[in-house]
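Let's sit down with a protein model and learn to read it piece by piece. Have the viewer ready and follow along.

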Amino acid sequence: MRQPIGIGRRLGVLGLAIALALPGLAAAAAPVAAANPAAVSEPGMSMVTFNLHHDREDWPSRRRTIVAELKRLQPDAIALQEVIQKRDVRNQAQWLASQLGYRYVFVSTDPVGAPKRYGNALLTRRPILARGEHLLLPLDDYRTVAHLRIDVDGQPVNVYATHLNERSDDTGQRIRRSQVEDLLRFIAGSSAGAPVVIAGDFNALVDAGDLSELRSHYGDSYGSVHVNTDLAGVSTLNRHYYQAPSRIDHIFFQQDQMVAREAKILFDQPDDGGRWASDHYGVWTRLQLAPAN
């Protein structure tokens with residue numbers, strides 16, 4: 001969804017909270033590709049990014065569809081946006097992690113103990129080597145980054161999840177450009193030389209000027225895989241809710257360390273009852289790691 005919900009936040013709250021789920025056993029199945037299953041022995045990782053649309057439109061029903069697909073794919077990492085918890089809704093990332101047997105981190109500018117908290121999350125079935133958080137500039141836009149460094153078959157990989165400003169005017173473009181610059185500074189200071197994957201709802205097309213600095217450092221996984229395809233009609237905004245196609249949810253990867261092998265859109269069909277998983281579609285990608293030196 002383009003517009004964030006109106007949740008009262010205070011600028012003074014700079015200590016973003018991280019909640020870690022209890023370790024659980026995760027299935028070891030390889031992610032299922034669009035056409036050919038990924039080989040279990042092939043070195044690499046898979047990742048999903050998905051905007052949950054918080055708890056709107058019957059979350060208890062939607063979450064059954066979401067968890068079923070994620071169980072089928074068994075991605076190594078999952079980036080979630082518009083994650084909410086409130087008095088009558090258990091933290092959505094926590095619930096999904098408990099169903100999948102994953103660990104999770106949740107970051108929010110809303111203080112721990114607040115009656116309502118809203119933010120981004122990362123889930124993983126891999127061992128966690130390091131974790132971090134960051135409040136993006138400008139501070140009055142209340143945007144966060146979640147970070148995990150995970151062990152992918154002995155190879156450390158950094159995964160980041162974020163959600164940038166939603167405005168489509170010049171002000172929104174300026175804010176996103178500032179957020180991208182701050183995001184890159186945070187990555188430079190936290191990645192420790194390990195490969196980097198950045199996922200989320202960027203509220204911008206992949207070739208937008210606001211993302212040019214990001215694109216100069218990182219590749220677009222979906223575009224790399226479908227390079228010979230007309231991408232103009234590909235959308236991650238659910239066409240049931242939005243008329244014009246717009247691919248604004250992305251998984252970026254460090255091109256000198258990784259190669260994008262497969263990518264596809266998720267949750268682009270309603271369930272048997274006609275209910276959609278979200279007002280966004282998800283993105284899944286499989287990345288191959290470069291051999292270690």
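**Reading the model together**

α1 is followed by Q74, whose phi is positive, near 50°. Keep in mind that this is a predicted model.

Q: What share of the contacts between residues at least 6 apart in sequence join residues at least 24 apart?
A: In this protein chain that share is 74%.

Q: How far apart should the ends of helix α1 be, and what does the model show?
A: Count 1.5 Å a residue: the 15 residues of α1 (residues 59-73) should then span 21 Å. The end C-alpha atoms are 21 Å apart, so the model agrees with that.

Q: Which residues of α1 are buried, and how do I make sense of the pattern?
A: Here's the general idea: an α-helix has 3.6 residues a turn, so residues three or four places apart point the same way. Now the case here: the buried residues of α1 are W59, S61, R62, I66, V67, E69, L70 and L73.

Q: What do the buried residues of α1 pack against?
A: Their partners are β1 (45-51), β2 (77-86), α2 (92-100), β11 (258-266) and β12 (282-289).

Q: On to strands. Which residues of β10 lie on one side and which on the other?
A: In a regular strand the side chains alternate between the two faces of the sheet. In β10, D249, I251 and F253 are on one side, H250 and F252 are on the other, and all of them are buried.

Q: Which strands does β10 pair with, and in which sense?
A: With β8 (residues 196-201), β10 pairs in the antiparallel sense over five bridges. One place to look is G200, whose bridge partner in β10 is H250. Strand β9 (residues 219-220) also runs antiparallel to β10, joined by two bridges. There, G219 has F253 as its bridge partner.

Q: Is A260 buried or exposed, and what does it touch?
A: A260 is in strand β11, and at 12% relative accessibility it counts as buried, because the cut-off is under 20%. Leaving out residues up to four places away in sequence, A260 touches S221, S224, V225, F253, R286 and L287. Take L287: it is 27 residues from A260 along the chain, yet their C-alpha atoms are separated by 4.5 Å.

Q: What about Q288, buried or exposed?
A: Q288 sits in strand β12 and is buried, with a relative accessible area of 19%. Its side chain is joined to that of R261 by a polar contact of 2.6 Å.

Q: How do I describe a pair of aromatic rings, and how many pairs are there?
A: You use the distance of the centres and the angle of the planes. The count here comes to five aromatic pairs. One of them is F50 with F267, a tilted pair at 4.5 Å centre to centre and 35° between the planes. F50 lies in strand β1 and F267 in the loop between β11 and β12, so this pair ties together parts 217 residues apart in sequence. F50 is buried at 1% relative accessibility, and F267 is buried at 9%.

Definitions and conventions: Residues numbered from 1 in each chain as written. Predicted model: local features only at pLDDT ≥ 70, side-chain atom pairs only at ≥ 80, totals over all residues. Heavy atoms only, no water. Helix = DSSP H or I, 4+ residues; strand = E, 2+ residues; numbered from the N terminus. Expected span 1.5 Å × (residues − 1). Buried < 20%, exposed > 50% of the residue type's maximum accessible area, 1.4 Å probe, protein only. Contact = heavy atoms within 4.5 Å. Polar contact = N/O pair within 3.5 Å; in protein donor to acceptor, adjacent residues only side chain to side chain. Pairing = 2+ DSSP bridges. Phe/Tyr/Trp six-rings, centres within 6.5 Å; stacked < 30°, edge-to-face > 60°.
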